[in-house]
Amino acid sequence: MSMLTEKLNNARSSLFGCPYVRNNTIRHSCVPWRKVSAAVQRTRADVRARVSEATTPNLGTGDVYVIEPKPLEEGVEKHIISIFVADEPGLINRVAGVFARRGANIESLAVGLTIDKALFTVVIAGKAATVANLIKQLSKLVKVRYVEDITATDRIERELLMLKLRVQPGPTRAEVLQLAQIFRARIVDVGDNTLSLSVTGDPGKLTALLKVMAKFGVVELARTGRICLRRGEALLERGTNLPESPPSSPLPNIQPKTAVTGESAGSGSEPGGEERTADVYMVDGSASGVWDVDNVLEATYASQGQVPTDYKAYTLNIEVQDKPGVLNQVTQVFARRGYNVQSLVVGPSEREGMSRIVMVVPGKVTSPDGSSGISPLLKQLSKLVFVEAITDLTDVPFVNRELLLVKVRCTASQRGELRDLATIFRGSIVDVSAASVTIEVLGKEDKMKAFTGLLEPYGILEIARTGRLAMARDSGVNSEFLERMSMGRVM
């Protein structure tokens, strides 16, 4: 009998080693079932809440999207390609098509366009052989003057970032303003519960700013691609440098070459009068024409009086999936209908795997049915598979900014004058050499035009600019709309 009792005690002790049996035994013997059941339910509810917070975005308070940088694959490097071309309708689609046909995903794209010239700055990730093949194919396009991989050059890089944060009035807003001052960011709009700011700098500075501001809640993010100019006296175009002995007095106003119209650009005729048989690729390297333009980009899309009265510029904000070839699909919709894109900005969005395209496209004021003149185009864009959202900012208050890098010829005695001009326009000098100065300016198109007009007597060597970056104003205040409103007078 004693042996049987000992075996039963050993069996009970081994059963108590099992968590399931131990919990159930304790539940029945020590703790009332209702109390244990309530505790288990509270634990399960807490777990569900934590899982929900980790997986579901909190749209009511502003989601914070954290995009962690990922290392590139072995042999893959980032390359910065500079493309200088003569502008014509559909040219952006041709350039984007070269990347799309070869499966190259454009990380960022900045295009500075004028009436007859354009400068593309493209950032892609790929192997050296793939990038070399892309450059070779791009150089075959008719209107391309030169293509160069400037990754290994000593250069100045700048980007423009516009950020909308969900910030309530109070100590949190004061903290955001202090951080903005540290990063030299400018507040461009103040809403009831949001703050919008713009900042320029290299990719490292912008990444640090995003990391600091992410805790407040990113509502919207718009970012341009990089724009680059070589440091010192070297210009982007190979073999072009400043004269050895720069003049001691300001140079006369530079007279640009005659602008080439769309008809002459598309005719494809040789200087000798012979017709060209190729409309996309160059026949030989001896041809000249619209690509023989000065390596200077003006700061305006079109001068006053050159845009017909029944046309206006439309500003579109398009959010797309980050897939190779999506830019080609979007620009192809414009190219097939004869639209000439005046400004194009491509950069990452606030959501991982998404990109934001900001475009300025001229179109008719109204369509025959009385709707917006660009509404048929928007319907075609919405049918694209990778297009997530399209916003027409033309008729709503929105803030827009552009970034300009301009290299000016100057002597040592003229640096003080250029420094004063840059200070007046709230610009900054980012590079100085013996015979040139590079200035960075942020603002609207009219400001760029006024600034470059004052710099022309010194001699503008190069201009690199981003397109127009736009974001809706939560405050609803816009000077253009105030001009159309009736306001009280002071008698």
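Contact, as the word is used in these legends, means heavy atoms within 4.5 Å. The views come from a predicted model, in which local features need pLDDT of at least 70 and side-chain atom pairs count only at pLDDT 80 or more, while totals for chains, interfaces and linings use all residues. Residues are numbered from 1 along each chain as its sequence is written, and side-chain values use heavy atoms, with hydrogens and water left out.

**View 1. The protein chain as a whole has 13 helices and 18 strands.** Helices (H or I, at least four residues) and strands (E, at least two) are DSSP runs, numbered from the N terminus. Of the 491 residues of the protein chain, 45% count as buried, where buried means under 20% relative accessible area, exposed means over 50%, and partly exposed lies in between (1.4 Å probe, protein chains only). When contacts between residues at least 6 apart in sequence are considered, 79% of them join residues at least 24 apart.

**View 2. Helix α12 (residues 445-455) is shown with the elements that cover its buried residues.** The buried residues of this helix are E445, M448, F451, T452 and L455. Seen down the axis of α12, these residues fall within an arc of 125°, so they line one face of the helix; the arc is that of the directions from the helix axis to the C-beta atoms. What covers them includes β14 (398-409), α11 (415-424), β16 (436-443) and β17 (460-465).

**View 3. Helix α6 (residues 171-182) is shown with its buried and exposed residues.** The 12 residues of α6 reach 17 Å from the first C-alpha to the last, close to the 16 Å expected at 1.5 Å a residue, the expected span being 1.5 Å times one less than the number of residues. R173, V176, L179 and A180 are buried in α6. Seen down the helix axis, the buried residues of α6 fall within an arc of 120°, so they line one face of the helix. They pack against β5 (155-166), β6 (186-190), β7 (194-201) and α7 (203-213), whereas P171, Q178, Q181 and I182 are exposed on the other side of α6.

**View 4. Two arginines, R184 and R426, are shown in their loops.** R184 lies in the loop between α6 and β6, and its phi is near 60°, a positive value in a residue other than glycine. R184 is exposed, with a relative accessible area of 72%. R426 lies in the loop between α11 and β15, where its phi, near 55°, is likewise a positive value in a residue other than glycine. R426 is exposed, with a relative accessible area of 55%.

**View 5. Helix α4 (residues 91-101) is shown with helix α5 (residues 128-138).** The axes of the two helices come within 10 Å and cross at roughly 150°; axes are lines fitted to C-alpha atoms, for helices over the stretch in contact, and angles run from 0 to 180 degrees between N-to-C directions. V95, V98 and F99 in α4 meet L134, Q137 and L138 in α5. By class, this contact has five nonpolar, one polar and no charged residues, where Ala, Val, Leu, Ile, Met, Phe, Trp, Tyr, Cys and Pro count as nonpolar, Asp, Glu, Lys and Arg as charged, and the others, Gly among them, as polar.

**View 6. V358 is shown in strand β12 (residues 354-364).** At 1% relative accessibility, V358 counts as buried. Not counting residues up to four places away in sequence, V358 touches T315, L316, S343, L344, V345, R468, L469 and A470. The C-alpha atoms of V358 and T391, which are 33 residues apart along the chain, are separated by 9.6 Å.

**View 7. S428 is shown in strand β15 (residues 428-432).** S428 is partly exposed, with a relative accessible area of 34%. Its contacts, not counting residues up to four places away in sequence, are with T438, I439 and E440. From C-alpha to C-alpha, S428 and T438 are 8.7 Å apart in space, and they are 10 residues apart in sequence.
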